[in-house]
Amino acid sequence: MIQHITSAPSALTEIKILAKKQLKACQAGDTLALQKFASLMDKQGFDQNNIQLKHCQCILARELGFTDFNHCQRVLSGQAQIGEDLGALFHNRRCDTLLNHWFSRFDEAQAFLKQTPNMVLLPFKKQFFAVNGPDYIEALGLTLSDPECIYTCWVGAEDNAAFELFALALIKYKLM
């Protein structure tokens with residue numbers, strides 16, 4: 001049975017909006033915004049006037065743990081399937097100190113999750129990790145309007161507002 005990742009259209013929209021803001025900042029000569037593009041501009045041999053929206057989208061996608069913007073779009077639009085690279089949006093180095101349980105197969109991860117309360121199952125590239133929900137929120141310093149949203153299902157649901165809130169909070173945390 002093919003299982004798709006739940007879509008998060010508002011999270012994807014937020015990335016597009018942030019990319020447009022980044023482009024405007026670069027075009028206006030904002031030093032902080034241009035610093036993100038320094039290595040790209042050196043490699044490609046162009047200046048701030050050559051930066052396009054696609055460059056901004058790609059930089060933001062990489063900061064979020066995706067390979068490029070197309071990868072980001074595929075995952076957040078709900079087209080990605082279990083077994084594909086789901087990126088690293090849900091993982092952060094600050095979580096490395098937590099007791100995480102790692103799984104290479106989704107069915108094993110789900111079985112573990114059923115036996116352990118307060119654990120959250122999250123994707124990381126082609127793997128899955130389970131972590132204590134409250135510890136995860138605290139380690140990242142996330143402020144969630146609904147802390148229970150981290151326990152939401154990110155697989156197979158057509159529309160899941162709680163998952164969108166969680167994904168949006170992580171995007172804002174990683175980019176701001």
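**Reading charged pairs and their exposure**

Q: What is the relative accessible area of Glu-63, and how is it classed?

A: Glu-63 has a relative accessible area of 31%, so this residue is partly exposed (buried is under 20%, exposed over 50%, partly exposed in between, with a 1.4 Å probe and protein chains only). The model is predicted: local features need pLDDT of at least 70, side-chain atom pairs count only at pLDDT 80 or more, and totals for chains, interfaces and linings use all residues. Residues are numbered from 1 along each chain as its sequence is written, and side-chain values use heavy atoms, leaving out hydrogens and water.

Q: Which side chain does Glu-63 meet in a salt bridge?

A: Side chains of opposite charge can pair when their charged atoms come close. Here Glu-63 pairs with Lys-36 at 3.2 Å, N to O (a salt bridge is a side-chain nitrogen of Lys or Arg within 4 Å of a carboxyl oxygen of Asp or Glu). Lys-36 is also partly exposed, at 33% relative accessibility.

Q: How many salt bridges does the structure hold?

A: Five. One of them joins Asp-96 to Arg-93, with the closest N and O atoms 3.0 Å apart. Asp-96 is partly exposed at 39% relative accessibility, whereas Arg-93 is exposed at 69%.

Q: Which residues are linked in a network of salt bridges?

A: Arg-105, Asp-107 and Glu-108. Between Glu-108 and Arg-105, the closest N and O atoms lie 3.3 Å apart. Glu-108 has 34% relative accessibility and counts as partly exposed; Arg-105, at 42%, counts as partly exposed.
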